[in-house]
Amino acid sequence: MSGYTSDPRIRWTEWLPWVAAIAFFFTMPEYLALGARILIYILFALSLDLILGYAGIITLGHSAFFGLGAYTAGILSAKYGFTDPFFQLGAAAAMAALLGLATGAVILRTKALTLLMLTLAITSILYEIANQASSLTGGNDGLSGVTVAPILGLFKFDLFGRTAFLYCLVALFVGWLVVRRMIYSPFGAMLTGLRENTARMHAIGAPVYWRLVLVYAISATMAGIAGALLTQVNQFVGLNVLGLEPSGDLLVMLILGGVGRLYGAFVGPIVYLIAQDYLAKQYPEYWYLGIGVLLIVVVLFARGGILGIVDKWLQALSRLTGSARASAR
Amino acid sequence: MTSSLVSVAFHGVAYGMILYVISVGLSVTMGLMGFINLAHGVFAMAGGYVFSTVMARFGVPFPLALLIAFAAVAIASIVLERLLYSRLYTAGELAQVLFTIGLIYASVAIARMVYGTLAVPIVLPDYLKGQVRFMDRDFPTYRVFLILFSALIIMSLWFGVERTRWGAMVRAAVDNRGMAQSVGINTRLLFMTTFALGSGLAGLGGALGADILPVDWAYPFEHLAYFLIVVAVGGLGSLRGPFIAALLIGVADTACKYWVPEFGAFLVYAATVVILLWRPMGLFGVRA
């Protein structure tokens, strides 16, 4: 697990994903749309990891912020003619932050089933609103006619998704820097403390409740931005950004990659979305069966997700080479 | 106006009764084992499918089909409990939540492979079709039967928990598991039987209520929120709390659909949030 005690400098291996993303941009132009989607979901998963993996808040309603961000950007563009991408992002972030603060402030006093139920109820309420207020949101048909002006007046969103990909990549990079800085800071250490032993954090005088609200609002803001990015890239918003299902999918992605280890949020969406792109179209009924069984197996046997397994292998390997070296001596 | 009031109350109560029969097992198992089981709706769906299949395919009579739905789901749940659930009793909330979500995904996929995407038809026997005349008003016979039969189940359940030795052991284990264990109660066996009973009841509820909550592959997802609301609002480990909560939801939801359909389920969710903020442990909850 990465955290306060480890070396906060950015190691060379941590640059690899970004190099890979750039390489992907040049070598696989036909998959840029999928690539942009993956980048957006990585940002979304990163925001969930912050509250779930580090602060230990279990939520079924993280899609509330994602969906609010998506609809904010969509409505601003399609209904009110605000097409500047940064303005849309800013507005989505602000709305999600407000919702995160407001709901976090009231629901984070509760625990366990009650908290789970409240998060689920909040995203369900937003779903119902989006479904019913069809003059604003397009209801069941979704909101189309979203236009986004060129970024900084220079880079038009092109048909091939080149601009969209780079735009999402930059957004994710900034999000990654922020989250990384946060988890290697005393604030990050405090979050881990909250997850591991809340009573003890109370005992050493930490303002538990306010810190939870703060990290919840930060995470909500990031999720809102990810939602707005999805709207801008798709130029469409559908009801499927709200409710239980997107929250469940996101949880699956994060668990698959590995919870509370920063790069789990990178690995999970990549594996999940690529697999979905290949399998869900060809074998839709087996897709959910596979995901369900995989989730059960991961929970029972590989709690750390893919990165947890890799960690174990690396440890076993270093033990092996270590013992080999010792015997050679 | 009075006629619509009566009709909303009648259908709301029928709905609430079904919600309670399905969810009561969830309340007891969550209170007893502290296990967050999001996959409870799977048992209800399975009950509905078993019920429909044995009636339509094998021509089993209605009462026997109900019994089979109950027994099949109870037995299947024992297998699941022994094989999978029991490994996660001490594993923490996140693992339980994820595991049960996985169970929902897998069962939803299997249901879709076996039964397709349409809701399964339920053929009622002739004596439950038609209307019953009462106080100058017509009521659908099946709904009347639903209310009476559910009431019977609920009363025998309450009698079992309040008046029998098994019930006393369950209550003891809910209140203080460690103490119950140390006075010699086999809590493992108690968990297993309670879990099987709760799941069986969910299966029975799913079968009985197929007329109100159509049994299709998305069932465990679609109704998950309502089952959880019943338990969370009613209070964990309580029998009476979820009953009141289920009736409230049944009537409120029916009333909303009747008078303000444009709000959908919005009001039920909003009320849930308000109630849970007012009383985080639920209306009758004793502890977290």
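This is a predicted model: local features need pLDDT of at least 70, side-chain atom pairs count only at pLDDT 80 or more; totals for chains, interfaces and linings use all residues.
Local features need pLDDT of at least 70 and side-chain atom pairs count only at pLDDT 80 or more, while totals for chains, interfaces and linings use all residues. Residues are numbered from 1 along each chain as its sequence is written, and chains are lettered from A and ligands numbered from 1 in the order in which they are written.

**Exercise 1. Describe the side of chain A that touches chain B.**

Step 1. Count the contacts. 35 residues of chain A are in contact with 38 residues of chain B. Contact means that C-beta atoms, placed from the backbone, lie within 7 Å.

Step 2. Find the helices. α5 (112-132), α11 (244-257) and α13 (284-301) of chain A each supply at least two residues. Helices are DSSP runs (H or I, at least four residues), numbered from the N terminus. The largest share, 15 residues, comes from α5(A).

Step 3. Sort by type. This side of chain A has 23 nonpolar, seven polar and five charged residues. Nonpolar covers Ala, Val, Leu, Ile, Met, Phe, Trp, Tyr, Cys and Pro; charged covers Asp, Glu, Lys and Arg; the others, Gly among them, are polar.

**Exercise 2. Work out how α5(A) packs on α10(B).**

Step 1. Take the geometry. The angle is about 135°, and the axes are 10 Å apart. Axes are lines fitted to C-alpha atoms, for helices over the stretch in contact; angles run from 0 to 180 degrees between N-to-C directions.

Step 2. Classify. That angle makes α5(A) oblique to α10(B). Under 35 degrees is roughly parallel, over 145 roughly antiparallel, 65 to 115 roughly perpendicular, and the rest oblique.

Step 3. Assign the hand. The crossing of α5(A) past α10(B) is left-handed. Left-handed means the near helix is turned anticlockwise from the far one by less than a right angle; right-handed means clockwise.

Step 4. List the residues. From α5(A) come A:Leu113, A:Thr114, A:Met117, A:Leu120 and A:Ser124; they meet B:Ala225, B:Leu228, B:Ile229 and B:Ala232 of α10(B). Seven are nonpolar, two polar and none charged.

**Exercise 3. Describe two helix pairs inside chain B, α3 with α8 and α2 with α4.**

Step 1. Take α3 (residues 62-83) and α8 (residues 187-208) of chain B. They pack at about 140°, with axes 7 Å apart. So α3(B) is oblique to α8(B). Their crossing is right-handed. The contact includes B:Phe70 of α3(B) and B:Phe195 of α8(B).

Step 2. Take α2 (residues 40-58) and α4 (residues 93-115) of chain B. Their axes come within 10 Å and cross at roughly 15°. They are therefore roughly parallel. The crossing is left-handed. B:Val42, B:Met45 and B:Tyr49 of α2(B) meet residues of α4(B), among them B:Leu103 and B:Tyr115.

**Exercise 4. Check the length of α11(B) and find what covers its buried residues.**

Step 1. Check the span. Helix α11 (residues 240-259) of chain B has 20 residues, so at 1.5 Å a residue it should span 28 Å; its end C-alpha atoms are 28 Å apart, which agrees. The expected span is 1.5 Å times one less than the number of residues.

Step 2. Pick out buried residues. They include B:Phe243, B:Leu248, B:Ile249 and B:Asp253. Buried means 20 or more other C-beta atoms within 10 Å, exposed 12 or fewer, and partly exposed in between, with C-beta atoms placed from the backbone.

Step 3. Name the cover. It includes α1 (2-33), α5 (141-163), α10 (224-234) and α12 (266-278) of chain B.

Notes. Two residues are in contact if their C-beta atoms, placed from the backbone, lie within 7 Å.
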